[in-house]
Every structure is written in structure tokens, then in C-alpha cells.
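Welcome, and please open your viewer. We will go through a few selections one at a time, with a note on what you will find at each stop.

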Amino acid sequence: MFEYHTLLLLLYMYSFTIIYVHSLLMFTGLLQIEERQDVKHYLQNTQTETVAVNIQPNYSKCFDDDGRLKRTGTFWTATAHIITAVIGSGVLSLAWAVAQLGWVAGPVVMFLFALVNLYTSTLLTQCYRTGDSVTGQRNYTYMEAVKSILGGKKVKLCGLIQYVNLFGIAVGYTIAASVSMMAIKRSNCYHNSHGKDPCHMSSNGYMITFGIAEVIFSQIPDFDQVWWLSIVAAIMSFTYSSVGLSLGVAKVAENKTFKGSMLGISIGTVTQAGTVTATQKIWRSLQALGAMAFAYSFSIILIEIQDTIKSPPAEHKTMRKATALSIAVTTVFYLLCGCMGYAAFGDNAPGNLLTGFGFYDPYWLLDIANLAIVVHLIGAYQVFSQPLFAFVEKWSARKWPKSSFVTGEYDIAVPFYGVYQLNFFRLVWRSIFVLLTTLMAMLMPFFNDVVGLLGAFGFWPLTVYFPIDMYISQKKIGRWTSRWIGLQLLSVSCLIISLVAAIGSIAGVVLDLKTYKPFRTTY
């Protein structure tokens, strides 16, 4: 019965995926898109990166109003970028998060996070241009927007938080990808042994493998050149989310009941981490808030995505629509995946729906889903890392403009690709970055704890505080007006949520460290 339902749902899933891919290709015209190549790489022309040049509206058919080549991004490519960023490894922990909060609070909290992200992201789209949202000076990055609109010490604070968070997300994705690669090996091992072998193994080799792949992809010079990677990653995210959802539905059909309770996991429940006490239930509930916050973390790269969009219409109008569609689609997926996972397993919902061995069969379907996760995370890693790469490289180019190591580029013919412009600083710096994220992942391979901590750390400052503060400054909203008070109340409420979520996640890390052995963790 289980496999019968699974196969029916699988056919539905792949039909949906084919329709989605076909529609995406139609609307974006991927077969006809030509990649935008700047006349000079930013390492050789850094002045235009920090000072926007407003030449003339519709300067020419080849250049935008800031003197750069015409941007080619559309509503659909922006949507693909956002979906790639939003539907990441966070979706896999949502069943566990709902299990901690229960049928009442779980879906409600998830929906509220979606509304907050939608609202603050809409505010942030108005900050791509300083002053006038149609003709004002462009801000190419999140931090440039903060610098242009807020200035002062807030710029340094924003930069520190944003780039530490981006580094942390790269670490989290490395952990998630290695766990999925390992799950493929474990599911086949478990199937071949007929469930007799627990199939324990180390994740270190898989993290190193993922790191090697990221070293290669990290050599892509610019953010706008990874559009094709985002398209592939978005398709993969729908694939594994659909598999998780399908398996959850099939499991519920097999059980003929919805598991779970109104208030979440019960005190005294025996889990892999031990028996749940009253104190642990509190920590786990708070950690669940961080996991849900992490699932929606994409505001930090919203400006970078918006900078790829062509105009007219005005960039903020296209981005607002892309944000609304992306969050609506991902929220439906999140609610379905989280709730069906909880309905299938109740209090025993695994921390990672597709790797926690909540499901054992069909093992080949699990392999497909986990392979899709790995492919998606390879792309998502780049989407989140590119802004940090660009920041360091621009700063270095300004610091050492005459250094051939930093700014020099050398043409190398690559078979089946064309000419690749090699920059030695980019090669060394990005390789070191990937090495550091891989080492950190090997040192702290705690998926749920890291996800919760990252969500708590980045949610309030980057998703709520800075967008609201910039919007107030941009629109010149007066103090103690009704709108100002409403925005400040929203900011303070989200600050409290971030603090309690951080407390819960730190408590989880502390508990894990009691049994942890560096570089020797097995699953």
C-alpha cells in the first residue's frame, strides 16, 4: 500500500516538475539569453562599483543609467533566484520544528514568519535606489544600501552581521549537503542489509567532496553569471520538497491517522537525543523558532538579486512581484512539508526529514531526493557566497589597485566553455573561504542547532531592523507618527523572537557538545 501511494504521488510530482521547467523555459527565454559581460571586470574598474553614475535615462540600447551594460534579469529569473535562496536546507527541519510547537502554534508561527518576511522584503525593495525609487542612485549590495541611506556606524555593524551570517549559511549548507550525500550511502547500506546493519559512518569525507565542488563553482566571477545555476537549483528544490511531501502523505495514508498533538512534543518522549524533560521542551520550542526563521532567510541578498533586473518597469515593482510569488509558493511548500512530516511521525519527527531515517523505503526515491538536495545546495552555496566574494575582492582592488596579483586577469581557453578570465587573487581567496567553511562544518556538524542559531542570529537585524530603518529614512517617516510606532513595534517584537530563539539554539549546542568528539562525529 505504501509503495502504491508513493508511486502515484511520484508521478504527480514529476508531472508538476516537467510543467514547471517547461513554463520556466518559456517565460525566461533561456535558450535565447545571452550572458551579460561587463566591458571591464570590477577588479579593473572599481570606481563604478562605489559611485553610481547617473548618465541619462535610457542612455542607450546597450547601457543602463549608471553606465553599466544593460541588465537582463526578469521577473522569472528573480523569482528563481529567490526560490533558490529560500527553499534550502531549512525546509528539511520544518517537520521537526512543527513537532516542537504542535498543530496550533506550528503552522501559525510559520505563516507569521512568511508575512513578516514578505512585508520587510517589500520595504527593502524600495531601498535599491537612494532617494527616488525609480531614478535615484543605485545601490549594488545590501551594505551599500545601508551606507547610502543610513551611513555612520550602522554600516560597519550591518557589514559584520551580514557577512558573518553569509559565512554561517555556507557552513550550514556544507553540513546539510554532506548529510544528504551520506544518507544516499546509508539508505543503500540499510536496504542491502535488510535493516540489520545500522550503517554508521563519518561525514568528513562527504564534506570534503562538497568543498572540492564549491572550490570549482566559486571561480564563477560575478553574481549575474550564476543565473543558470539558480534555475537548476530551483528545480532541484521543488524536486526534493515534493518527494518529502509525497512520502509524508503516503505515510499518513499508511497510518490512516494524523499523528501529533495540539501542543507539540510531550514531556517524557524518548528521542535519539534522550528523554525530553520540561526544560528541554522549552529549549526545543525556542530552537524551532530559529529553524523557521532560517527557512525564510534571503533578505541579505535581495538587493544583489534586484541589481540583476532590467528596467523598465521600475526594478522595485518587478522585485516586489517576484518576492510575493516566491514567498507564497515557498510558504505553501513549507506548510505542506512541515505539517505532513509531523502528521506522519508525530513526536518522533526527525531533525532532517529525508536523512533522519524517518523513511526507509522506497530507498531509490530517497536517493533521488537527497541527490537533488546536494545539487540544490551547490547552487544555493554560490548564491549566498557571491556577495561576500564580491565585497572582499572590491575592497582588495581599492586597497591594492596596482597589484597584478589582485587586479590582473589572464585569458585561458577552456574546452567546451570558451575563454575564462583567471584572476589569481579570486582563485586563492575563494578557495580559502571554501576551505574554512568546510573545516567549520567538520568541527560543528550539528544540523538542527546550526540552522536554529543562524536563523536567530540573522533574522532580526538583517530581515527586520535594517530594512525598516532604511525605509523610515528613505520615506522620511516622522518620529511618533502612527506608522513609525507600528514599524518600531514590529521591530521590537522580532528582536524578542530572535533572542529567545538564540537562547534555545545555544542550549542545543551545549547539549551536543557534551558527547561531541572533534572530526570524529558519526551518524
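Which residues of α14 are buried? Select helix α14, residues 424–443, and you will find that the buried ones are Phe425, Arg426, Trp429, Arg430, Phe433, Val434, Thr437, Thr438, Ala441 and Met442. Here buried means under 20% relative accessible area, exposed means over 50%, and partly exposed is in between (1.4 Å probe, protein chains only). Helices are DSSP runs of H or I with at least four residues, strands are runs of E with at least two, and both are numbered from the N terminus.

Before going on, a word about the model: it is predicted, with local features needing pLDDT of at least 70 and side-chain atom pairs counting only at pLDDT 80 or more, while totals for chains, interfaces and linings use all residues. Residues are numbered from 1 along each chain as its sequence is written, and side-chain values use heavy atoms, leaving out hydrogens and water.

**The nonpolar patch**

Next, select Phe405, Tyr410, Phe424, Leu427, Val428, Ile432, Leu435, Leu436 and Leu439, which make a nonpolar surface patch of about 750 Å². Such a patch joins nonpolar side chains (Val, Leu, Ile, Met, Phe, Trp, Tyr) within 5 Å, from residues with over 30% relative accessible area and no salt bridge. Accessible areas come from the Shrake-Rupley method with a 1.4 Å probe. Helix α14 gives the largest share of the patch, 7 residues.

**Salt bridges**

The structure holds 6 salt bridges, each a side-chain nitrogen of Lys or Arg within 4 Å of a carboxyl oxygen of Asp or Glu.

- Select Arg426 and Glu409, whose side chains meet at 3.8 Å, N to O. Arg426 lies in α14 and Glu409 in the loop between α13 and β5, so the pair ties together parts 17 residues apart in sequence. Arg426 is buried at 0% relative accessibility, and Glu409 is buried at 15%.
- Move to Asp469 and Lys154, which meet at 2.4 Å, N to O. Asp469 is in α15 and Lys154 in α6, so this pair ties together parts 315 residues apart in sequence.
- Finish with Arg129, Arg138 and Glu315, linked in a network of salt bridges.

How values were computed. Patch = residues over 30% accessible without salt bridge, like charges linked within 9 Å, V, L, I, M, F, W, Y side chains within 5 Å.
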